[in-house]
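Biologist: Hi! Could you walk me through this structure, one piece at a time?

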Amino acid sequence: MDRSRLIEMTARRAAEHPGGRQFAAQDIDQVLEALFGTVEHPGTIAEALKDQQTVMLGSFHAGDGGAAFRPGRALTEYLRDETG
């Protein structure tokens with residue numbers, strides 16, 4: 001999935017969420033940039049990993065010179081078709 005598709009799908013899901021609202025693509029793009037960063041400016045996840053912190057969204061963690069991701073229980077159950 002490329003970035004534009006991710007932004008489009010995130011905007012749609014935010015609007016569909018109970019109590020959700022419509023977000024402009026530019027707003028979602030700014031949030032993604034703030035979280036994940038760019039080459040020029042690290043995001044909050046990258047900064048936390050560099051400081052050897054664990055980011056709990058599932059969990060992103062630094063290891064062996066790179067970042068790794070361990071999904072949380074909800075994602076794992078969803079991917080295994082174990083949700084209600």
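**A chat about strands, core and pocket**

Modeller: Happy to! Ser59 lies in strand β1; helices (H or I, at least four residues) and strands (E, at least two) are DSSP runs, numbered from the N terminus. This is a predicted model, where local features need pLDDT of at least 70, side-chain atom pairs count only at pLDDT 80 or more, and totals for chains, interfaces and linings use all residues. Residues are numbered from 1 along each chain as its sequence is written, and side-chain values use heavy atoms, with hydrogens and water left out.

Biologist: Is Ser59 buried or exposed?

Modeller: Ser59 is buried, because its relative accessible area is 5%. Buried means under 20% relative accessible area, exposed over 50%, and partly exposed in between (1.4 Å probe, protein chains only).

Biologist: And which residues is Ser59 in contact with?

Modeller: Setting aside neighbours within four places in sequence, Ser59 is in contact with Thr54, Ala68, Phe69 and Arg70. Contact means heavy atoms within 4.5 Å. In β2, Arg70 is the residue that stands opposite Ser59.

Biologist: In what sense do β1 and β2 pair?

Modeller: They pair in the antiparallel sense over five bridges, and strand β2 covers residues 66-70. Two strands pair if DSSP finds at least two bridges between them. The hairpin of β1 and β2 has two residues between the strands, and Asp64 takes a positive phi near 50° there.

Biologist: Why point out a positive phi?

Modeller: Most residues other than glycine have a negative phi. Gln52 is another case, with a positive phi of about 65° although it is not a glycine. Gln52 sits in the loop between α3 and β1, and it counts as exposed because its relative accessibility is 63%.

Biologist: What about Gln53, where does that one lie?

Modeller: Gln53 lies in the loop between α3 (44-50) and β1 (59-63). With 43% relative accessibility, Gln53 counts as partly exposed. Not counting residues up to four places away in sequence, Gln53 touches Ala48 and Phe60.

Biologist: Where does Asp81 lie?

Modeller: Asp81 is in the segment after α4 (73-79), with a positive phi of about 55° although it is not a glycine. Asp81 counts as exposed, at 70% relative accessibility.

Biologist: New topic! Which residues make up the largest nonpolar core?

Modeller: The largest nonpolar core has five residues: Ile45, Ala48, Leu49, Val55 and Phe60. α3 gives the most to this core, with three residues. A nonpolar core is a set of buried Ala, Val, Leu, Ile, Met, Phe, Trp, Tyr and Cys residues joined through side-chain atoms within 4.5 Å. Not counting residues up to four places away in sequence, Val55 touches Ile45, Ala48, Leu49 and Phe60.

Biologist: Now the largest pocket: what is its volume?

Modeller: The largest pocket has a volume of about 570 Å³. On a 1 Å grid over the protein atoms alone, a pocket is an open set of points where a 1.4 Å probe fits, with protein on both sides within 12 Å along at least five of seven lines; lining residues have an atom within 4 Å of a point. Grid points are joined across faces, edges and corners, and a volume is the space filled by probe spheres set on the points.

Biologist: How many residues line the largest pocket?

Modeller: There are 15 lining residues, of which Leu6, Thr10, Leu32, Phe36 and Leu57 lie nearest the centre of the pocket. α1 (3-16), α2 and α4 each supply at least two residues of the lining, and the largest share, five residues, comes from α1.
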